[in-house]
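User: Could you take me through this model with a few questions and answers? I'd like to go from single residues to the ligand and then the sheets.

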Amino acid sequence: MTTPARSPEATTAAPPANDPASFSRLPLSPAVLANLQQLGYERMTPIQAASLPLALAGADLIAQAKTGSGKTAAFGLPLLANLNPRRFAVQALVLCPTRELADQVTQEIRRLARAEDNIKILTLCGGATMRPQLASLEHGAHIVVGTPGRILDHLSRDSLKLDALNTLVLDEADRMLDMGFAEDIATVLKACPKQRQTLLFSATYPEGIATLAKKFMRDPKEVKLTERHAASKIRQRFYEVTESQRLHAVGLLLNHFRPVSTLAFCNTKQQCRDLVAVLQAQGIAALELHGDLDQRERDQVLVQFANRSCSVLVATDVAARGLDIAQLEAVVNVDITPDIEVHTHRIGRTGRGDEQGWAFSLASVDDMGRVGRIDEMQGTASQWHPLSELTPQSDEPMKAPMVTLQILGGRKEKIRPGDVLGALTKELGFDAAQIGKISVNEFSTYVAVDRSIARDALRGLNAGKVKGRSVKVRSL
Ligand code: AMP
């Protein structure tokens, strides 16, 4: 269940120019092409190969694509191509359903924009304080990425002006509609200049999308990809359980397959809570993601899951919206969802890119009708395995490979990831390979360290200094 590492050497061999998926077939500048090669983007992904020729020629697009398909570059490259870096005004706007997605999109566009100097990208999302956003807007930006509500807020305050806009992107449009943003989106669209390119990306194509497109897009071209091989990368297994076995079965699955990161879906918040309690009692690092968490708590849970110090994230479908985790070895349907589309969406979160993923579903006799509908939709017969097949791979409880240390102090204290890495490697002598993700938030910094050094690193950081200052550190 390991991810094949993308070796830097692999990027040096340029693909042959006659390769139909080669980026060099596109009207992109040599600097952009060189940057793509440096990023390790050797060939276009299917959605890129289908969208980029049309979008770079200026067409409006409705593209059906999921996270993980390379869709950000499919709209990021065209919006950058439309940009005049010398004109200091907002020329591209990307609307996203959630802050997490907006952050990811910003990061990806930033990587793609490295070919050009000084392109400013700003993220504007709800949940964050207004004042820094207003200050950043005063400094100006070329590209804005944000959530509809907050963008609308800035438009009504006149802090964001869209007269120079030439590209508008709606990312995960179906989810934005699901979340009730239809009216906000329409209002933002009305505030955009008529002369513009509109790129709409969506995993599904519900009625509302067609309505939006008809009203606000110019002769949009549709790009659809059949996901034939997606199913084969996800290995689905069903286990029949009684209600009293259901939660216990999750522990059996985890101890048998030992995935490093698992997302477990329950249909209710209460079920989430109960499952977390059962898993924690077995010594498995499990956390619940639910709607009652405030932004800081949610960030803390997500940091721990993304840096591999929490093995299992337990969530309802609503709470997991907007969540994008790159490496997810397994998804568990603790409860079968009554909505088949939701089932597909859930299991599609694993087996991304070149990776294989597991999708386990626990079904009781009462769930069989639902499973039948899933089979029908997928056109395959579900594979059933007995619970008795699941045997623990070791006597040791499953432990997450990393531990998160929280340093009280973040951007406000001007801490940068390099300061933390320096303190751990140069001052305390740990090997950089033992240090994982470092995330600096406004008031806190989170660093993942190898479980084997967690205790010493905690002691060392508390006794030593970060950025010349004593800091308080705790283990999460
Ligand atoms: P996305 O669907 O935009 O979230 O992209 C998924 C991941 O694939 C991101 O980490 C991208 O950096 C990466 N990616 C996008 N396009 C390519 C490509 N052509 N080759 C390799 N990796 C890519």
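User: Is glutamate 172 buried or exposed?
Analyst: This is a predicted model, where local features need pLDDT of at least 70, side-chain atom pairs count only at pLDDT 80 or more, and totals for chains, interfaces and linings use all residues. Residues are numbered from 1 along each chain as its sequence is written, and side-chain values use heavy atoms, with hydrogens and water left out. Buried means under 20% relative accessible area, exposed over 50%, and partly exposed in between, using a 1.4 Å probe and protein chains only. Glutamate 172 has 6% relative accessibility, so it counts as buried.

User: And where does glutamate 172 sit?
Analyst: Helices (H or I, at least four residues) and strands (E, at least two) are DSSP runs, numbered from the N terminus. Most residues other than glycine have a negative phi, yet phi of glutamate 172 is near 50 degrees, a positive value. Its place is the loop between strand 5 (167-170) and helix 7 (173-178).

User: Is aspartate 219 buried or exposed?
Analyst: Aspartate 219 also has a positive phi, near 40 degrees. It lies in the loop between helix 9 (207-216) and strand 7 (221-223). Its relative accessibility is 59%, so aspartate 219 counts as exposed.

User: Which residues are closest to the ligand?
Analyst: A residue is near a molecule or strand if one of its heavy atoms lies within 4 Å of it. There are 14 residues around the ligand. The closest are Tyr41, Arg43, Gly68, Gly70 and Thr72.

User: How much of the ligand does the protein cover?
Analyst: Let's start with polar contacts, meaning pairs of N or O atoms within 3.5 Å (within protein, one must be able to donate a hydrogen and the other to accept it, and residues adjacent in sequence count only if both atoms are side-chain atoms). Ligand oxygen atoms lie 2.3 Å from a side-chain N or O atom of tyrosine 41, 2.5 Å from a polar side-chain atom of threonine 72, and 3.3 Å from a backbone N or O atom of lysine 71. On its own the ligand has 500 Å² of accessible area (Shrake-Rupley method, 1.4 Å probe), and the protein covers 77%.

User: Which elements give two or more residues to the shell around the ligand?
Analyst: They are helix 3 (71-81) and helix 4 (99-112).

User: How many residues of helix 3 are buried?
Analyst: Glycine 76 is found in helix 3, and at 0% relative accessibility it counts as buried. Lys71 and Thr72 are also among the buried residues of helix 3. The helix is mostly covered, and of its eleven residues the buried ones number ten.

User: Which strands stand at the edges of the four-stranded open sheet?
Analyst: The order is 16-17-15-20, with antiparallel pairing, and two strands pair if DSSP finds at least two bridges between them. Each edge strand has a single partner, so one side of each is left without a neighbour in the sheet. Those edges are strand 16 (435-440) and strand 20 (473-475).

User: What is the bridge partner of isoleucine 438 in strand 17?
Analyst: Strand 16 and strand 17 (residues 444-450) run antiparallel and are joined by four bridges. The partner of isoleucine 438 is valine 447.

User: Which residue of strand 13 stands opposite valine 331?
Analyst: There's an open sheet of seven strands with parallel pairing, in the order 10-11-9-12-13-8-14. Strand 12 (residues 330-333) and strand 13 (residues 357-363) pair in the parallel sense over four bridges. Opposite valine 331 stands alanine 359.
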